[in-house]
Amino acid sequence: MNHPLLGIDLGGTKIEVAALAPDDGRFLVRERVATPPGGYDALLATIAGLVDRTEARLGVRGLPLGVGIPGCVSPASGLVKGANTIALNGRALDRDLASRLSRPVRIENDANCLAMSEAVDGAGSGARMVFAAILGTGVGAGIAIDGRAWDGAHGIAGEWGHNPAPRLTEDRNVPSPHCWCGRGACNETLLSGPGLAADHLRHGGALLDARAIVDAARHGDAAAQATLDRYIERLARALAQVINLLDPDVIVLGGGLSNITELMRDVPTRWVAHVFSDVVTTPLRAAVHGDSSGVRGAAWLWRAHP
C-alpha cells in the first residue's frame, strides 16, 4: 500500500480532513471547517466537499475513507448510536458516505481513533495495549490493541465516560450531578470541563470555567485548589478502575484538560492506593498529537495490518 491515507474527524464544532503519508504519517493535506448547522444532509455535503478538495490537491481520486465520530455504530442495526452530534444518531453513516463518495468507508469512535493514533506513532508507540481518554467538553475513552482499535462485542469498548463517577467524602452533603445519558453521576459529569466548573459551584466556589479554576488554584485560591484536588482524586480513582480491569501498558490523556500539568504529576501517585497490585508502574502521558489525534486515527483505519 503506497497511496495516501484519508481520514475525517467529525466533531460537534469542527470537521477536519487529513491525508497522511502511509510510511511515516506525515500530513500531506489538512483542512478544518466549522461543523455546519442544518442536520444530517449538511454534514454529508461538508464531508464530500472536504474529500473532493483534498483529493484534488493530492491528484488522486477514490481513496478509502476513515471517519471518526463522537458515537459508535451498532453491530445489530448498522446505525450510529450514542453520538452527541445528534444528527448522526439512527443513520447509516458508513453506507451513506460510501454511496455518495463511491468508495469504501470505515467508521470508528473518536476516542478509539485517539487511542489508535497514539498507539501507532504517539505517546503509546510500541505498547501492546493503549487506553486513551478524552477530557474536554465531554469525556470519552478508547482502547487500541496492537495498534488497532478495539470495539468490543457491542461497539462500546472503552465507554469509560459513562461509568459511575467515584464519590468522595466531600460529596456527602452535595447533590449528585445527573448525566444526559440518564445513568446518574457518570465520569463525564465530573471529569469534563463543564463538570469541573459545576463541581466548583456545588462546593461553594465562584462561577468560573475550568481554565479559570486551574489558574486560580495556581495563584493560591483555596476554593479553586480544593476543586482541583477533588478533580485529581476522582480522575485517579476512575483510572485505577481501568488499570484493575484492563491493566493497559500506557494511559494517554487527550482533550483540553489534558493540558493541566498537575494531572500528569499527581494522578499516578494517587491511583496507587486504589489499584489491586503491589507495584503500579503504568505511565500516564499526554497525547503527542493533541487535537490532531482524532483525524490521524481515522486515517490510520486504512493502514495495513501489522
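Modeller: In counting charges, Lys and Arg are taken as positive and Asp and Glu as negative, while His and the chain ends are left out. On that basis the chain, which is a predicted model, carries 29 positive and 32 negative side chains, and the centres of these two sets lie 3 Å apart.

The chain contains nine helices and 12 strands. Its radius of gyration is 20 Å, close to the 19 Å that the globule rule gives for 306 residues, so the chain is as compact as a globular protein of that length. Along the principal axes, the C-alpha atoms fill a box of roughly 60 × 45 × 40 Å. The chain exposes about 13,500 Å², of which carbon and sulfur atoms supply 52%.

Turning to the part you asked about, the largest nonpolar core has 38 residues, and those with the most contacts inside it are Leu 135, Trp 160, Leu 235, Leu 239 and Trp 271. Two or more residues each come from β8 (129–135), β9 (139–145), α5 (193–202), α6, α7, β11 (250–254) and α8 (261–271). Of these, α7 gives the most, with 11 residues. Leu 235 shows how such contacts reach along the chain, for when its neighbours within four places in sequence are set aside, it is in contact with Leu 135, Trp 160, Leu 191, Leu 253, Leu 263 and Val 267. Apart from this core lies another, of 26 residues, among them Val 17, Ala 48, Leu 50 and Leu 101.

Thr 227 is found in helix α7, which spans residues 222–246, and with a relative accessible area of 1% it is buried, because the cut-off for that is under 20%. Leaving aside neighbours within four places in sequence, Thr 227 is in contact with Leu 196, Asp 199, His 200 and Ile 213.

Ala 210 belongs to helix α6, residues 210–218, and its relative accessibility of 12% also counts as buried. Not counting residues up to four places away in sequence, Ala 210 touches Gly 193, Leu 196 and Ala 197. Between Ala 210 and Gly 195, which are 15 residues apart in sequence, the distance from C-alpha to C-alpha is 8.5 Å.

Terms used: Residues are numbered from 1 along each chain as its sequence is written. This is a predicted model: local features need pLDDT of at least 70, side-chain atom pairs count only at pLDDT 80 or more; totals for chains, interfaces and linings use all residues. Side-chain values use heavy atoms; hydrogens and water are left out. Helices (H or I, at least four residues) and strands (E, at least two) are DSSP runs, numbered from the N terminus. The radius of gyration is taken over C-alpha atoms; the globule rule is 2.2 Å times the number of residues to the power 0.38. Accessible areas come from the Shrake-Rupley method with a 1.4 Å probe; for residues, only the protein chains shown count as cover. The place of a charge is taken as NZ of Lys, CZ of Arg, CG of Asp or CD of Glu. Buried means under 20% relative accessible area, exposed over 50%, partly exposed in between (1.4 Å probe, protein chains only). Contact means heavy atoms within 4.5 Å. A nonpolar core is a set of buried Ala, Val, Leu, Ile, Met, Phe, Trp, Tyr and Cys residues joined through side-chain atoms within 4.5 Å.
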